[in-house]
Amino acid sequence: MKKIIFCLLLMTVFIGCANNAQQNTAKTEAPKTEAVKPTEEKPTQVAENTEVIKRGTPLNNATTVTVSQILENPKNYENKPVTVEGQIARVCQAKGCWMELTEKEGDPGLRISFKDYGFFVPTDSQGKKVKAEGALELKVVKKDEAEHYIAEGSKMKQNPDGSANIVNLVASGVEIYPSK
């Protein structure tokens with residue numbers, strides 16, 4: 001009987017020490033910083049207001065270019081930090097996890113995704129003016145990924161095999177301006 005009581009007492013002390021160690025570790029760990037902090041976890045609607053909606057990191061005023069400049073010769077901007085200004089043509093209606101800017105409605109445009117999937121934009125941002133800053137990437141997406149984007153509302157031309165070439169700005173930060 002004494003052995004059982006001793007074992008129970010020993011287990012209680014061990015569990016108490018382990019819990020205390022976890023609490024002390026949590027208190028002493030330095031807060032983690034992230035380059036892009038999530039600000040939205042589910043779709044949001046833009047209230048009619050006069051405030052600029054900011055997501056991701058603050059813009060650093062990288063070289064500003066237009067959508068048509070990028071689309072005319074995307075290789076000139078590949079892997080370079082740029083700021084693009086334009087009007088949002090389309091937004092992912094599921095989460096707001098991407099948007100597209102175009103010069104002419106119905107045309108494939110500049111796709112904008114968000115660095116590390118770290119933030120989203122309001123799902124009703126279509127038609128609003130936007131500034132987005134990030135690095136431009138050119139990539140070929142496979143048929144299933146292209147079809148997924150199209151099903152979400154994206155406009156893109158598919159290659160004969162179903163894949164698609166896309167021009168994508170991986171934005172570290174965006175600013176969406178209110179409608180006038």
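Select Ser113 and Asn168 to begin: their side chains make a polar contact of 2.9 Å. A polar contact is a pair of N or O atoms within 3.5 Å; within protein, one atom must be able to donate a hydrogen and the other to accept it, and residues adjacent in sequence count only if both atoms are side-chain atoms. The model on display is predicted, so local features need pLDDT of at least 70 and side-chain atom pairs count only at pLDDT 80 or more, whereas totals for chains, interfaces and linings use all residues. Residues are numbered from 1 along each chain as its sequence is written, and side-chain values use heavy atoms, with hydrogens and water left out.

**Around Ser113.** Ser113 belongs to strand E5, residues 110-114. Helices (H or I, at least four residues) and strands (E, at least two) are DSSP runs, numbered from the N terminus. Ser113 and Asn168 are separated by 55 residues in sequence, while their C-alpha atoms are 6.9 Å apart. With residues up to four places away in sequence set aside, Ser113 is in contact (heavy atoms within 4.5 Å) with Cys97, Asn168, Leu169, Val170 and Ala171.

**The whole chain.** Now zoom out. The chain has 3 helices and 7 strands, in the order α-β-β-α-β-β-β-β-α-β along the sequence. Of its 180 residues, 37% are buried; buried means under 20% relative accessible area, exposed over 50%, and partly exposed in between, with a 1.4 Å probe and protein chains only. Among contacts between residues at least 6 apart in sequence, 69% join residues at least 24 apart.

**Glu175.** Select Glu175 next, in strand E7 (residues 164-177). A salt bridge requires a side-chain nitrogen of Lys or Arg within 4 Å of a carboxyl oxygen of Asp or Glu. The side chain of Glu175 does make a polar contact of 2.5 Å with that of Tyr177. Beyond four places in sequence, the contacts of Glu175 include Val52, Leu59 and Lys131.

**The salt bridges.** How many salt bridges are there to visit? The count is 3. Glu85 pairs with Lys131, their closest N and O atoms 3.7 Å apart. Glu85 is partly exposed, at 40% relative accessible area.

Move to Arg90 and Glu100, which form a salt bridge with closest N and O atoms 2.6 Å apart. Arg90 in strand E3 and Glu100 in strand E4 (residues 98-101) are 10 residues apart, and the pair links distant parts of the chain. Both Arg90 and Glu100 are buried.

Then select Glu137 and Lys139, whose side chains form a salt bridge at 3.6 Å, N to O. Glu137 is partly exposed at 25% relative accessible area, as is Lys139 at 30%.

**The second largest pocket.** The last stop holds about 150 Å³ of space. Among its 13 lining residues, Gln87, Ile88, Ala89, Thr102 and Glu103 are the closest to its centre. Strand E3 (residues 81-91) supplies the largest share of this lining, 5 residues. On a 1 Å grid over the protein atoms alone, a pocket is an open set of points where a 1.4 Å probe fits, with protein on both sides within 12 Å along at least five of seven lines; lining residues have an atom within 4 Å of a point.

Conventions. Grid points are joined across faces, edges and corners, and a volume is the space filled by probe spheres set on the points.
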